[in-house]
Amino acid sequence: MSGGLSGGASGAAAAGEVVLSARDVHRDYQLAGETVHAVRGISLEVRAGDWVALVGPSGCGKSTLLNLLGAIDRPTSGTIAVRGRDIAALRDRDATAFRLRHVGFVFQRFYLMPQLSALENIELPMAEAGVARAERRARARELLAYVGLDARERHRPAELSGGEQQRAAIARALANRPAFLLADEPTGELDAATGAGIIALFARLNAAGTTIVVVTHDGDLARAARRVIHLRDGHVVNEVHA
Amino acid sequence: MIGVLAAASLLRHRARTALAVAGVAVSAAMVLDMVMLSTGMRESFRSLLERGGFQVRVGPRGAMPFDGEATVGGGAGLLDTLRAIRGITMVAPVLGATLHAPQPGGAVAAFALGVIAGSQGDYVLQEGHEAVADGEVVLNDPMLAAVRRRVGDTLTLATGYDPQLRTFSGGRTLRIAGRVRFRYLAADQRGAALPLATLQAMGGDARRDRLSLVMLRVDPAADVEAIRAGIDAALPRVSALSTATALQQAEQRLSYFRQLAFILGSISLVVGFLLVTTIVTVSVHERVGEIAVMRAIGVSRRHVVQQVVLEGLVLSLAGSAGGLALGLVTARWLDSILATFPGLPESVDFFLFQSIPALAALGMLVLTGLAAGAIPAWRAATLPVAATLRREAVA
Amino acid sequence: MPRSPIRSLSFRARSVALPALSHALLAVLPARAQVAPPAAPPPARHATIALDARLATDAGIRLGDLVVVAAAPGIPGDTLRVAAFVRRGADPSEVARAEYRVRMHLADLQRVLGYGDRVDRFAIATRDSAATTRAIAGINAAAFGFRAHRSRDIAIETSRTFAVISRFHKAIGVITIGASAIFLLCIMLMKVEERRRDVAALRLVGLSAASVVRAVVIEAALVSVIGSGAGVVLGAVASRLVNAWYQQLYRTPLTFSLVTPGIVGFAVALSVVLGLAAGVLAARRLVRTPPLALLGR
Ligand SMILES: Nc1ncnc2c1ncn2[C@@H]1O[C@H](COP(=O)(O)OP(=O)(O)OP(=O)(O)O)[C@@H](O)[C@H]1O
Ligand SMILES: [Mg+2]
């Protein structure tokens with residue numbers, strides 16, 4: 001089961017290969033005549049099989065950086081490459097396709113589609129990618145079982161606990177076998193015990209070869225990562241390897 | 001999946017969706033009714049005018065046929081001339097007059113037509129036989145009732161009546177040969193038809209050899225308009241009117257309804273558009289977060305647009321389906337109101353269901369629904385993903 | 001066509017009744033104004049005629065022009081001087097008619113038609129309603145061939161067409177009101193639903209259900225009052241447009257669409273009542289839902 005969960009067809013990467021690299025990335029926001037420098041010249045590399053935690057005080061630019069890495073947002077300057085392909089300047093259509101096939105997003109507030117069941121939520125990205133119904137259903141079931149929600153496939157998000165919703169969201173992020181997972185404070189809405197379950201899930205995924213970049217204030221989550229990158233005021237201040 | 005999401009979004013607010021569908025249905029019903037009204041009168045009059053199979057009407061020039069007892073003399077000669085024209089397959093002369101039947105309380109007046117049985121297109125026989133022989137007459141139900149006669153009885157009819165002196169002139173006792181229904185008379189209008197020669201003779205010198213109208217049946221292969229124009233040019237005493245022209249003039253009389261239909265139909269379309277736009281806009285507005293998430297996990301703009309447009313489309317399709325049923329019911333109701341128009345031929349319908357115009361009308365409404373989804377769909381597709389997600393996280 | 005000061009008009013007496021419908025339908029041919037030389041050198045003083053203002057416009061006739069009036073086309077008639085133009089009355093039964101109307105002195109018309117000393121009807125003025133009843137009874141009792149009718153009864157009879165149209169309009173009005181009621185209810189429901197989060201917040205802060213309902217209903221009422229105000233303005237403008245359109249189309253001073261205080265009152269009342277109903281309905285549903293559920297947790 002392990003190898004098939006991520007790094008599938010699109011994500012086949014030899015361990016240690018650089019999958020994600022940012023070079024001198026800046027992101028400014030224009031606010032009523034004033035420029036906010038949210039990210040000011042960050043460079044980093046993420047290798048296949050890595051698990052990177054981005055930590056730092058509130059407002060230091062973690063979420064902004066994560067959005068840039070996931071092609072949800074575009075840098076003001078600098079380059080971001082995924083396996084050598086520049087994603088900083090993609091047109092909207094290409095960026096969308098890129099997110100669909102290469103990036104798995106996990107949000108602090110889960111953001112499942114409230115009107116779809118857990119199973120359908122996981123099917124959604126696969127349906128978008130054109131995976132045949134039977135195939136995507138089978139894979140969605142497999143993923144649900146992997147995150148421990150096999151008994152919940154018919155449930156709507158409102159009928160799941162926070163921890164269960166986050167598991168479903170992680171399963172959704174894995175659906176199209178992305179090159180890496182990007183998670184923004186995935187345990188931020190959960191109590192410590194439930195958070196620990198999510199951390200264990202990430203650990204299991206990473207052990208199976210999934211590349212993970214996670215933004216967090218949660219010390220336990222940061223400690224579980226292999227690398228911890230400290231940010232302040234839009235800069236990298238230091239990096240710690242586990 | 002897109003369908004599931006669109007359906008889910010509609011089902012999330014059932015009351016709202018039901019109201020919107022009901023609103024669109026009423027708009028659709030109105031659009032349909034107005035289309036039925038504007039095309040219905042035209043078609044109804046056309047079929048009325050064409051039912052006898054006569055495509056050209058010839059009457060005294062400069063006069064309005066039967067309005068005032070305008071007639072043209074030299075009837076026999078005129079008929080010969082018309083019969084000689086190539087392409088004319090039947091010539092049906094008509095003389096119109098008011099006849100009076102002396103009755104105990106005074107006189108009963110009826111509109112009378114002198115026709116040649118077998119070549120007339122003015123009435124349909126319902127009982128007995130046509131007035132073929134001299135001295136025979138056929139009456140419609142209102143007239144039979146007014147003079148309390150039945151088929152087979154006799155009745156004295158006079159061409160002249162002086163109300164001051166209560167004297168009748170040009171009277172003659174006729175045998176009632178049949179019961180008929182006149183195409184162009186209102187349901188309650190009294191009518192009689194008798195052989196042309198009999199009526200001409202009853203009028204004395206004033207009517208001898210005179211005609212009010214000649215109806216012409218034209219060979220289907222011939223050019224009706226050319227024949228009409230030819231008659232108009234060649235015969236100075238008469239003018240020829242084609243069904244199309246007659247129709248145009250009838251339409252002018254009823255133009256008010258067409259205008260009204262156009263105005264109300266347009267307003268209904270606009271209302272349907274506004275309703276769908278409002279609903280879909282609000283629905284998009286409520287779901288910006290969800291849409292941003294979908295975009296973030298890689299759902300394309302095209303699919304977001306499709307989903308939103310689909311929502312508007314479903315609303316307008318469901319509304320149109322309901323509107324079709326509602327429209328037919330209300331059309332019948334409105335028609336029953338207009339049918340009480342005094343002097344209107346029974347067989348005229350104001351509202352006529354014709355599948356092509358009706359479908360065109362509903363199609364227009366569905367297109368409107370599609371267009372109504374366009375603005376909110378565009379808004380949904382161009383949502384700034386990162387900023388919206390951030391706003392949602394803050395909210 | 002060279003302009004001639006003398007026109008020939010032809011028309012027939014209006015007394016002839018019972019037009020068959022096919023022919024009534026065709027009877028919309030406008031009377032044609034034909035140019036014809038006067039039959040005889042005009043006498044020094046001509047009798048006068050008043051023409052339909054539309055006819056004057058269409059045929060380019062001016063006051064003082066001479067026209068020849070005959071009972072039928074092609075026969076000799078009398079030459080009359082155009083002394084006045086008559087604007088069309090606001091009579092709904094004539095609206096869609098293209099025929100022109102002219103007015104002549106009685107004696108002139110009788111001569112032109114060869115009508116002798118005959119008239120179609122007399123109009124009789126009476127002092128009061130009782131006198132009218134007496135006069136009608138007296139005339140009808142004398143029974144020398146006349147029948148007297150009360151003008152009102154005749155008016156009712158002749159306005160039957162109009163009554164039908166009026167009923168038709170009412171029916172359409174009912175449908176329209178149905179549609180707008182649905183539309184209104186729908187909008188108001190959404191307007192209140194929008195307040196979901198605010199209601200949740202207010203409830204969490206500790207406001208009572210009653211005050212939340214009150215706040216929502218007051219807002220709904222305000223929105224519907226403002227909306228109906230805008231609607232009245234819009235309706236007045238639309239009514240003007242409709243009138244302008246039909247009046248130029250039919251060349252009549254008839255008012256087609258009239259915004260009366262009663263209608264305004266009805267429209268405002270309807271929208272406020274529906275607004276309030278929607279407000280109450282939606283607000284009650286909102287306060288019955290637990291506040292946290294409203295926030296989507
Ligand atoms: N769309 C935006 N417009 C203007 N300023 C923004 C925008 N997004 C982020 N910022 C600013 O950029 C800076 C970095 O924001 P960011 O959300 O990346 O911080 P963060 O590290 O994720 O904080 P937190 O830990 O609180 O989530 C902040 O000062 C923020 O105000
Ligand atoms: Mg953040």
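## Helix packing and a chain interface

Helix H6 (residues 160-193) of chain C and helix H9 (residues 261-288) of chain C cross at roughly 40°, and their axes come within 8 Å. The model is predicted, with local features needing pLDDT of at least 70 and side-chain atom pairs counting only at pLDDT 80 or more, while totals for chains, interfaces and linings use all residues. Residues are numbered from 1 along each chain as its sequence is written, chains are lettered from A in the order in which they are written, and side-chain values use heavy atoms, without hydrogens and water.

Helices here are DSSP runs (H or I, at least four residues), numbered from the N terminus. Axes are lines fitted to C-alpha atoms over the stretch in contact, and angles between N-to-C directions run from 0 to 180 degrees. H6(C) and H9(C) are therefore oblique to each other, given that angles under 35 degrees count as roughly parallel, over 145 as roughly antiparallel, 65 to 115 as roughly perpendicular and the rest as oblique. Contact (heavy atoms within 4.5 Å) involves residues including Leu184(C) and Met188(C) of H6(C) and Leu274(C) and Gly275(C) of H9(C).

| Pair | Residues | Angle | Axes |
|---|---|---|---|
| H10(B) and H11(B) | 301-338 and 355-381 | about 150° | 8 Å apart |
| H2(B) and H8(B) | 14-51 and 255-286 | roughly 160° | within 8 Å |

H10(B) and H11(B) are therefore roughly antiparallel to each other, and H10(B) passes H11(B) in a right-handed crossing. Among the residues making this contact are Arg301(B) and Val305(B) of H10(B) and Leu362(B) and Gly369(B) of H11(B). H2(B) and H8(B) are likewise roughly antiparallel, but their crossing is left-handed.

The contact of H2(B) with H8(B) has 17 nonpolar, 7 polar and 3 charged residues. Ala, Val, Leu, Ile, Met, Phe, Trp, Tyr, Cys and Pro count as nonpolar, Asp, Glu, Lys and Arg as charged, and the others, Gly among them, as polar.

Between chain B and chain A, the buried area is about 2100 Å², with 64% from carbon and sulfur atoms. Buried area is the accessible area (1.4 Å probe) that two parts lose on being put together, summed over both. Across this interface there are 2 salt bridges (a side-chain nitrogen of Lys or Arg within 4 Å of a carboxyl oxygen of Asp or Glu). Arg301(B), which also belongs to the contact of H10(B) with H11(B), forms a salt bridge with Asp92(A), the closest N and O atoms being 3.3 Å apart.

Note on methods: Helix = DSSP H or I, 4+ residues; strand = E, 2+ residues; numbered from the N terminus. Left-handed = near helix turned anticlockwise from the far one by under 90°.
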